[in-house]
Amino acid sequence: RFLLQLTGAQSLAATGRRQQALAAYAELSNEHPDRSQVQQGYGELLLTSSDPEQLQKALTVWRNVQRRAQPQSPLGFQAKYSTALAHFKLGDRQKCRQMIVLLSTVHPELGGTQMKARFDALLQRSR
C-alpha cells in the first residue's frame with residue numbers, strides 16, 4: 001500500500017497536478033514521518049513554490065529530514081542545502097548565507113563536487 005501511495009504522489013507531481021500531489025504527500029508525510037523518501041519528495045515539491053506558507057512547510061520538512069539523516073550523508077547535505085534554499089526563497093538571505101558559511105567551515109567539501117557547486121551558487125545568489 002505504501003509504495004502504491006508514494007508512486008501515486010510522485011506521478012501526480014510529475015504530471016503537473018501540484019495540488020493533488022501536495023495533498024497526497026501531506027497525507028504520506030503524516031503517516032510516515034520517518035520515511036526519508038516521502039519527506040524528501042514532499043520537501044522538494046514544497047520548495048518549488050513561491051508561496052510563503054508552502055515554503056515555511058518546506059523549511060519544517062527539511063529541518064526534520066536534517067535531524068534524522070546522517071550528518072555527512074548525501075541526504076544530510078541535501079537537507080542542509082534545501083533548508084538554506086528555503087530561507088533564501090523566504091527572503092532571509094542572511095540566514096541562508098550564515099548556514100552555508102558555517103557548514104563550509106565544518107565540512108569544506110560540502111558533500112562532494114556537485115553538492116558543493118550547488119551550495120556555492122546559492123551562496124552567490126544570496127549576496
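Two aromatic pairs turn up when the whole structure, a predicted model, is searched. Rings of Phe, Tyr and Trp (its six-membered ring) pair if their centres lie within 6.5 Å; planes under 30 degrees apart count as stacked, over 60 as edge-to-face and the rest as tilted.

Helices here are DSSP runs (H or I, at least four residues), numbered from the N terminus. Tyr25 counts as buried because its relative accessibility is 4%, and Tyr42 does so at 8%. Buried means under 20% relative accessible area (1.4 Å probe, protein chains only).

Tyr81 and Phe119 make an edge-to-face pair, 5.5 Å centre to centre with 85 degrees between the planes. Here too distant parts of the chain are linked, 38 residues apart, with Tyr81 in helix α5 (residues 74-89) and Phe119 in helix α7 (residues 113-125). Both Tyr81 and Phe119 are buried.

Tyr81 has a charge over its ring as well: the charged end of Arg118 sits there, 4.2 Å from the ring centre. For Phe77, the charged end over the ring is that of Lys80, 5.3 Å from the centre. A charge sits over a ring if NZ of Lys or CZ of Arg is within 6 Å of the ring centre and within 35 degrees of the ring normal.

Residues are numbered from 1 along each chain as its sequence is written, and side-chain values use heavy atoms, leaving out hydrogens and water. As the model is predicted, local features need pLDDT of at least 70 and side-chain atom pairs count only at pLDDT 80 or more, while totals for chains, interfaces and linings use all residues.

Methods:
Buried < 20%, exposed > 50% of the residue type's maximum accessible area, 1.4 Å probe, protein only. Helix = DSSP H or I, 4+ residues; strand = E, 2+ residues; numbered from the N terminus.
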